[in-house]
Every structure is written in C-alpha cells, then in structure tokens.
Amino acid sequence: MKGELSLSCRDIERYLGEEESRVHALRGVSLDVESGSIHAVVGPSGCGKSTLLYILGLLDEPNAGSVNIGATPISHLSDEELARRRNELIGFIFQFHFLMEDFSAHENVMIPMRRLGQMNESEMHERAATLLEAVDLGDKLRRLSRHLSGGEQQRVAIARALANDPSVILADEPTGNLDTGNSQRAFELLATLVREREKALLLVTHNRFIADACDWVHEMKDGRIIVSHPHGQRISV
Amino acid sequence: MTAPLYIALRFATHRKRALLLSMVGVVFGVGIFICTQAQTQGFAQFFINSTIGSNGALVLRSRFQPRYEGMVVSAKATSAPAHRNVFEGITNVSEIMRVSRQFSNVVACSPVLRGTISARAGFETTTAELFGIDPTPHLRTTDLAKQIVDGRFDDFRNNTTSVIVGHRLADFLEVIPGDTIQLLSPGGEYWRFTVAAIARSGVSTIDTSRVYAHARVAQRLLKKSYEASMIIYRLRDPDRAPSLATHFENLFQHTAQSWQEREEGNLQIFSTLRMSAAITVSLIILLAGFGIFNVLTMSVLSKVREIAILRSMGYRRIDISAIFLWQGALIAGIGSVIGCVLGALLTWGISKVPIHIRGLLYTDHFLVVWDWRHYLWATLLAIIAVFIASYVPAHRAAQLQPVDTLRGSSL
C-alpha cells in the first residue's frame with residue numbers, strides 16, 4: 001500500500017439492538033485506508049458493512065476498538081468535535097443520494113461549506129459550480145434536485161461529498177440505485193476525482209465490477225473481514 | 001447568514017401554508033393584546049388624569065394631635081395603636097404652602113374650603129359639594145380651566161358672587177352660564193350666585209355634585225372659622241405621591257392622602273379589568289403557541305431524513321436545534337411586527353368607535369392610550385410562547401440519531 005494513512009480502525013466491536021434482539025454486528029474489524037486509494041467492502045446483506053462505514057464516518061460509536069483519522073484517535077471526542085471532523089475530513093455518499101429535494105443542485109453542494117464557514121457566499125457559489133462542472137452538471141446548477149435524474153442526483157451527491165475537500169470519502173452503495181450504465185459512469189467519475197485529488201475512498205458495494213476496479217477489496221461475513229484482496233484478484237461477491 | 005438560519009429559511013418556505021397559519025395566531029394574539037391593553041389602560045388613565053386634574057395628586061387635610069406614649073402601661077394594654085385626635089381645618093395654610101413649595105416634586109398647591117350645601121335653581125334642589133377656591137393658585141394646581149365646557153373662567157375670576165357648576169349638576173338644575181343659582185348656608189339662608197361657567201371633569205362623582213365658589217365667599221357661606229379644609233397639590237411625578245404623603249403627614253402633622261389611596265377602589269377595578277383582558281388575550285397567544293408546536297413537530301417528523309443528512313455532513317446537534325428554533329423565531333418575529341401594526345390599527349379604529357358612557361366616566365368614544373410598553377409586552381409574550389412551543393420539537397430534532405435513519409435506508 002502506498003500513500004499516507006487517512007483512516008484506520010482496530011478491533012472494532014459493535015452490538016446493535018437491545019436484549020433479546022441484540023446483534024453482534026462487528027467482531028474485531030481492523031482496516032487501513034490510505035490517501036489516493038480506493039477500498040471496497042463487500043459481503044452479504046446484514047454482514048455489518050454499513051455499520052462499519054458509519055463507525056468510520058464518526059456517525060456511530062463502536063462498543064470497543066479504536067478509530068483514527070490520520071494520526072488522530074477519535075475515541076472520547078465530544079459530539080461537537082466529532083461533528084466538526086465529519087464536516088472537515090469526511091465526505092459521505094449514500095445509496096439513495098440523500099439530497100435535499102427542495103434545494104437546487106448547487107445549494108446541495110453548498111450545505112457542507114455553509115457549516116464549515118470558511119468561505120463567503122460568492123466563493124461558495126464558485127466552488128459549488130466548479131464541483132458540479134467536474135461531475136458534468138455545470139448546466140444544471142440551479143435545477144431543483146428532485147427534478148434531476150437518478151444518475152444526475154448521484155453525481156450531485158458526489159460533488160457534495162467533495163465540497164469541503166475532505167481527506168476521506170465514504171460511500172454506502174453509491175451505485176446501488178442506478179442502472180448499469182449510470183453505475184459505471186458514477187463510479188468512474190468518483191474514482192477519477194479521488195485519484196486526482198489524493199483522497200481515500202472506502203465504498204460498500206454489491207457490484208462485482210465496481211469492486212474489481214478498486215485498489216483493495218475487503219470481504220465481510222458475519223461482522224468480520226474474512227479476507228482482503230489487492231486489485232485484480234478474484235472475489236466472491 | 002449562519003448555516004442553520006439559511007436552512008431554516010429554506011425549510012420555512014417549503015411549509016408556507018402551515019407557517020402562515022401559525023403566524024396568523026401570533027399576529028392576532030399580539031394585535032388584540034395591544035388593543036385591549038390600550039383600551040383598558042385608556043379608561044384607567046382618563047380616570048386618573050381627570051381625578052388628579054380635579055382633586056390634585058395629593059391632598060393635605062385636617063390637623064391631628066401627635067400621639068405620645070406614656071410611661072405607665074396598662075395591665076390590659078393592647079398592641080393596637082391609639083386613635084389620634086383630629087382637628088378639622090387647616091389654620092396655618094400660608095406657612096404649609098410655603099414649605100411645601102420647597103419640595104422638588106411639588107409643582108403647585110392650592111387651598112380649598114370644602115363643605116356640603118344644598119343647591120337650588122328653579123324648582124330643583126339637590127345636595128352639592130362646595131369647593132371654595134382661590135382662582136389663581138387653583139388654576140395652576142388643577143385642570144379646571146381646561147374642564148370648562150360652557151362659559152368663561154375669567155367671568156368667575158372677576159366676579160366673587162359667581163360659581164362654576166359641574167356639568168351634570170347643571171343639567172339637573174337646568175342652569176347655563178348667566179343663570180342664577182341659590183346655595184343654602186348652614187344658617188338656613190339662601191345665597192344667590194351667578195353661574196359663570198360649567199365644568200366637566202369626566203368623573204361622574206365630581207360632575208354630579210361640584211360647585212366652585214371664591215374661597216372668602218365660601219368661608220362666609222359655610223360659616224367656617226378656618227380658611228381652608230384642605231390643600232391640594234399638583235405633583236411633577238404623581239406616582240411618588242404616596243411617599244410624599246407620608247412625609248407631609250410627619251412634617252405638618254396633618255393627614256395627607258395620595259390619589260392612589262383616595263381612588264384605591266376604582267383603581268383596583270381598572271387593574272382587575274386590565275389583568276383579565278391580558279389573561280384572556282394571552283390565551284390566544286398560547287393557542288398560537290400550540291399551533292406552532294404542532295407545525296414544527298410535523299416539520300421535524302417530515303425532515304427526519306434531512307436531519308440525518310445534515311448530521312452526516314457535520315452539522316452539530318445545536319445546529320439542528322437552531323434550524324427549528326430559527327423557524328419559531330421567524331414566526332415570532334414577523335408575527336410580532338405584523339401584530340404590532342395590527343394592534344396599532346385596531347387601537348386607532350377602536351378609538352373612533354362612538355360609545356355613550358355616563359357612569360363612572362363621561363365619554364362619547366372609546367378611550368385608548370398609546371404606550372410603547374404594550375407593544376413591548378405583547379412582543380415579549382409572543383416570543384416566550386413561540387420559544388417554548390419551538391423548543392420541544394427543536395430538542396427532539398437534535399436528539400435524532402442519524403444512523404437510525406440512514407440504517408433504515410440501507411442496511
């Protein structure tokens with residue numbers, strides 16, 4: 001593996017639910033993601049992929065184990081501090097794009113920037129326009145997101161994830177809701193942007209072809225990473 | 001513009017109808033609050049101005065004998081204070097007035113000789129209250145000149161055998177300026193006076209009984225040995241009358257009564273009416289608060305996904321909470337401004353409504369007071385109600401776990 005370590009976790013344990021419905025979702029998961037690399041997490045439904053993603057994205061806390069962003073451990077950080085780091089260091093892309101339906105494309109992209117508060121209105125507009133042009137939506141800046149096609153919405157979500165120039169992008173089945181053509185285009189776009197900008201990308205996917213195109217593929221089963229393959233090795237999705 | 005405010009504005013514009021309905025509640029609550037307060041205080045203020053304008057803000061009356069406590073204490077001594085001896089009338093009027101004028105709160109003072117007499121004109125006879133006054137200081141102390149509705153004050157000033165009659169008394173006796181009125185002395189003889197003017201204070205008890213005569217003439221008519229039975233004061237700050245009354249009692253050894261004490265009963269009625277109106281109207285604002293609570297709760301429920309997205313993008317709990325509190329603040333702010341305008345319009349409109357009151361007060365239209373404090377209180381009340389109504393949904397929104405929403409979409 002080459003590049004600087006962007007995101008890592010060690011011996012993550014996570015239980016979900018209470019009492020009789022309690023599930024051991026993650027069982028000692030450890031992972032390293034370097035900048036400029038793309039990692040895929042694959043596995044059957046319910047194996048803990050999304051749970052791992054949310055813990056790495058600081059949206060959920062593990063019952064045991066540690067998470068580091070760069071060299072900084074994030075355990076014991078306050079909710080406010082976790083939110084600040086999410087805003088500055090992490091970009092999320094979800095399966096159902098999760099855009100603000102009543103916001104235009106460029107307004108959606110500006111949402112993380114507004115929270116960061118480092119740019120004025122015109123600078124935010126300019127950056128949002130640049131990012132949307134990068135995902136080939138330069139002509140649809142002011143269109144409400146609900147009036148965009150599924151593929152276009154996912155591209156807006158990609159632009160939004162890059163809004164604050166995060167070091168890590170976490171994608172939860174980013175192409176799961178797209179047809180094959182759009183899936184391929186969205187992934188290629190994401191992969192290009194990540195490599196160009198030296199980001200670390202960790203994505204959860206069920207798509208075999210997308211997983212094959214990643215630098216690393218981590219296979220999960222029953223809350224464990226059972227095997228990790230570098231690029232080109234056959235996997236059993 | 002902060003991020004929560006921007007998002008709050010965008011959320012608000014997508015729920016225009018619900019928010020407008022909530023705002024209407026605030027608008028009407030604030031508007032009606034202002035209007036009712038302006039009315040109730042209008043009547044109270046009119047009464048206060050009238051009574052102070054006629055009877056002064058402070059009245060110094062009879063002399064009393066200082067109480068001394070002896071050395072010998074009765075075996076059955078009680079803790080109740082002994083009654084003091086009171087002597088009717090003020091003998092050293094000039095000296096008391098000279099000392100009184102040294103007080104910064106005293107604008108003017110005037111001696112009055114007061115007595116009860118019978119007044120007769122034509123075939124009508126009634127009991128009246130005679131006020132023997134010295135026109136010049138009395139004019140400085142009261143609003144008598146402004147209260148003249150018929151005739152001229154100068155005609156009274158220049159003619160010692162003339163009187164000014166309260167307008168409802170004049171109506172009863174059917175006299176107008178220039179007519180003759182007879183006042184019965186305690187000796188049983190009628191004295192003849194010319195009606196110089198008719199005065200209307202607006203306070204029923206004064207207008208139905210008051211007759212003003214010159215002090216010297218009144219003293220002879222009433223056969224009083226003293227020149228004044230009371231001294232009335234105009235004060236710079238009438239609200240401080242009670243403390244000055246206490247001070248004057250100790251200083252002059254004469255009973256002193258503030259207008260607040262004198263009109264305590266009537267003031268309590270006005271105060272009760274005002275409070276009752278405020279409570280009733282506050283219920284409207286409270287109902288508006290319930291409406292806002294419902295609207296914002298529904299908004300939170302419909303924005304669960306958006307809240308999760310915002311949290312995933314680094315928005316803090318406090319930001320999420322602020323989004324919904326801002327929506328409440330927008331409702332309260334805009335609603336209060338429009339409500340204040342509505343309140344001013346309603347107050348203006350109400351002041352033009354003709355009514356016919358001939359009871360405690362005399363008025364032909366609604367009495368209102370334009371007081372900025374009504375607007376301030378109405379706005380504060382609305383802001384507090386809306387904040388309470390917004391806080392619960394806002395808090396609930398902030399406590400939502402984004403993972404629960406996100407996991408529900410893709411496990």
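## Phe92 and the sheet of chain A

In this predicted model, Phe92(A) has Leu170(A) of S7(A) as its bridge partner. The two strands involved, S6(A) and S7(A) (residues 168–172), run parallel and share four bridges; pairing here takes at least two DSSP bridges between strands. Strands are DSSP E runs of at least two residues and helices are H or I runs of at least four, numbered from the N terminus.

Zooming out, the pair belongs to an open, mixed sheet of six strands in chain A, ordered S6-S7-S8-S3-S9-S10. S6 (90–93) and S10 (224–230) of chain A sit at the edges with a single partner strand each, so one side of each has no neighbour in the sheet. From one strand to the next, the twist averages 20 degrees. Helix H5 (residues 150–161) of chain A lies across S6 and S7 of chain A, at about 170 degrees to S6(A). Angles run from 0 to 180 degrees between N-to-C directions, with axes fitted to C-alpha atoms, for helices over the stretch in contact.

## Where A meets B

Here 27 residues of chain A are in contact with 21 of chain B, contact being C-beta atoms, placed from the backbone, within 7 Å. On the chain A side, the elements giving two or more residues are helices H1 (49–56), H2 (79–89) and H3 (105–116) of chain A. H2(A) gives the most, with six residues. That side of chain A divides into eleven nonpolar, six polar and ten charged residues; Ala, Val, Leu, Ile, Met, Phe, Trp, Tyr, Cys and Pro count as nonpolar, Asp, Glu, Lys and Arg as charged, and the others, Gly among them, as polar.

## Chain B and its helix H13

Chain B has 16 helices and 13 strands. Its C-alpha trace spans about 110 × 65 × 40 Å along the principal axes.

Helix H13 (residues 304–312) of chain B has seven of its nine residues buried, so the rest of the structure largely encloses it. Among them are Ile307(B), Ile309(B) and Leu310(B), along with Glu306(B) and Arg311(B). Just after H13(B), Gly314(B) takes a positive phi of about 100 degrees.

## Confidence and bookkeeping

The model scores ipTM 0.85 and pTM 0.71. Chain B has a mean pLDDT (predictor's confidence per residue, 0 to 100) of 86, with 93% of residues at 70 or more.

Local features need pLDDT of at least 70 and side-chain atom pairs 80 or more, while totals for chains, interfaces and linings use all residues. Residues count from 1 along each chain as its sequence is written, and chains are lettered from A and ligands numbered from 1 in the order written.

Notes. Two residues are in contact if their C-beta atoms, placed from the backbone, lie within 7 Å. A residue is buried if 20 or more other C-beta atoms lie within 10 Å of its own, exposed if 12 or fewer, and partly exposed in between; C-beta atoms are placed from the backbone.
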